[in-house]
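Thanks for coming. I will show one model and go through a few parts of it in turn.

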Amino acid sequence: MAGILSLHDAIERFVESGDSVALEGFTHLIPFAAGHEIIRQGLTDLTLIRMTPDLIYDQMIGCGCARKLIFSWGGNPGVGSLHRLRDAVERGWPRPLAIEEHSHSAMAHAYAAGAAGMPCAIFRGYIGSDLTAVNPQIRSVTCPFTGETLAAVPALRPDVAIIHAQKADRAGNVLVAGIVGVQKEAVLASRRAIATVEEIVDDLGTTGTNATVLPAWTLSAVAPAPGGARPSYAHGYYGRDNAFYTAWDAIARDRDRFTDWIDANVRQAGGTRA
Amino acid sequence: MTWSASEMMTVAAARVLTSDDICFVGIGLPSAACNLARLTHAPGLTLVYESGTLATKPQVLPLSIGDGELFETALTTVSVPEMFQYWLQGGRITVGFLGGAQVDRYGNLNSTVIGDYARPKVRLPGSGGATEISTSCQRIFIVMRHGRKSFVEKLDFLTSLGHGPTGRERRELGLRTEGPSLIVTDLCTMRPDPQSKEFVVVTLHPGVTAESVLENTGWPIRFAPQVQETPAPTEAELAALRDLNARTARAHGVAAAE
């Protein structure tokens, strides 16, 4: 644990071009500020891992940060397509993007297997699905006790996990509240992990509550990033900006409009250098 | 009283759910139907969303699968791996409600690509939870708008198994779950033939002709020997649905799925 760093320093120190990176958060607590810092620092050749790529990966892919995407549902929830993701897959802009496509169940099992230190996840899935024909990582094993054929996928072991959470205490213990998604598994599955938080507090107030707390010693760094999940939401702090999710559709449809938006709102937004 | 084809579809889908069901809900049309059922004839219906919210009672329809509304009104919320491991794979869910870009006559669904996978004409969002929902829930209801591009002779990609490409694969694979047992559209409702598993039209919505179903289906769809008329939406059903949609529009500032 390097302690509490600025977002700039946490990304500079623990994320490198070429890394496999999982920015997780299931609709809730999506680490946008950290993704924007990765764009500003010009990191490239990343393998991006995320169950639901959402707008943050649309932005990172449109900026050319990624060479590969591992995912299970790639859309703008309730709105439609991720146009930068589609442009990269269908037309190779701004660079070609390899995809490794799974189901949610497979990704969830694969993170849990990674957290458990297992080489692969075994589950009852992909039965009769064409996904097995287009993703060579989807294989099968026979149960040695019952003979049942089960699906197997490699455990997810990202180089870096990045999550956003509500609070950290001064020692760097992190509280995740509300819809907790797959963040705990992503952090425990990864070699390095960064948590951005809404605020640093003296006391998490979690003693006796059985809340979801990631101990400081499971993290590489904690970085304060108030509002760091916007336009997604942080339970107890702010709501989801549904209007922005809707507006993103028109911004992302056009390459020039997208680039102008990134320049104005990310590249020239000053960052969070402390 | 008048109603739209979309309202008829949502009402017809809601009616098949009961207070005894534990239902795995997708966003959009399924979510509207499931919440309408809970607000009308099935107050005990248990709704589960893949974000981990168990027994949630949203007052407005969520825009995304993980809206705060779902967490704040849930009995409890579990992690996403627990949702897929214990609750879905563990066999705790009685009904899965699915849609897709394409469905075939055996209730197989495509939500992945239109065209070739490597060079797609349209890249769709992908499986999400659907691939395992379709095999793990005790039964599957499908709700989709009718049209020749969506009700197709052959899927471009089979994301989620229905009864299989020939209607026999599901049984041959040894699945113990029932699979798709109902399709509700804006024109009609369909059930699978008990032997062949081919979906046949069992009710036509009021004012809909068999010809319009034929014109809007990409395979020569068959009809049950006695096709009934779908009972029209009641005033109570329409009032509950319109209230739900109005609340949702106020909350999100956008129109909800009907």
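What is the strand order in the open sheet of 3 strands in chain A? The order is S5-S7-S6, with antiparallel pairing. Before going on, this is a predicted model, in which local features need pLDDT of at least 70 and side-chain atom pairs count only at pLDDT 80 or more, while totals for chains, interfaces and linings use all residues. Residues are numbered from 1 along each chain as its sequence is written, and chains are lettered from A and ligands numbered from 1 in the order in which they are written.

Some terms. Helices (H or I, at least four residues) and strands (E, at least two) are DSSP runs, numbered from the N terminus. Strands count as paired if DSSP finds at least two bridges between them.

S6(A) and strand S7 (residues 149-154) of chain A run antiparallel and are joined by 4 bridges. Within S7(A), A:Leu150 is the bridge partner of A:Val141. Helix H5 (residues 104-115) of chain A packs on the sheet, where it touches S5 and S7 of chain A, and its direction makes about 130° with that of S5(A). Contact here means C-beta atoms, placed from the backbone, within 7 Å. Angles run from 0 to 180 degrees between N-to-C directions, and axes are lines fitted to C-alpha atoms, for helices over the stretch in contact.

Next, a helix pair. Helix H2 (residues 32-40) and helix H3 (residues 54-62) of chain A pack at about 0°, with axes 10 Å apart. H2(A) and H3(A) are therefore roughly parallel, a label for angles under 35 degrees. From H2(A), A:Phe32, A:Gly35, A:Ile38 and A:Ile39 meet A:Ile56, A:Gln59 and A:Met60 of H3(A). By class, this contact has 5 nonpolar, 2 polar and no charged residues. Nonpolar covers Ala, Val, Leu, Ile, Met, Phe, Trp, Tyr, Cys and Pro; charged covers Asp, Glu, Lys and Arg; the others, Gly among them, are polar.

Is H2(A) enclosed or open? Of its 9 residues, 9 are buried, so H2(A) is largely enclosed by the rest of the structure. Buried means 20 or more other C-beta atoms within 10 Å of the residue's own, exposed means 12 or fewer, and partly exposed lies in between, with C-beta atoms placed from the backbone. Among the buried residues of H2(A) are A:His36, A:Glu37 and A:Arg40. Its cover includes helix H1 (7-14), strand S1 (20-23) and helix H9 (255-267) of chain A. Just after H2(A), A:Gly42 has a positive phi of about 70°.

Now the contact between the chains. Chain B gives 43 residues and chain A gives 44 residues. On the side of chain B that touches chain A, helix H4 (80-89) is one of the elements that give two or more residues. H4(B) supplies the largest share of that side, 6 residues. That side divides into 17 nonpolar, 20 polar and 6 charged residues.

Last, one residue of chain B. B:Lys57 lies in the loop between strand S3 (53-54) and H3 of chain B. B:Lys57 is partly exposed, with 18 other C-beta atoms within 10 Å. Not counting residues up to four places away in sequence, B:Lys57 touches B:Arg38 and B:Thr73.

Conventions
Two residues are in contact if their C-beta atoms, placed from the backbone, lie within 7 Å. Angles under 35 degrees count as roughly parallel, over 145 as roughly antiparallel, 65 to 115 as roughly perpendicular and the rest as oblique.
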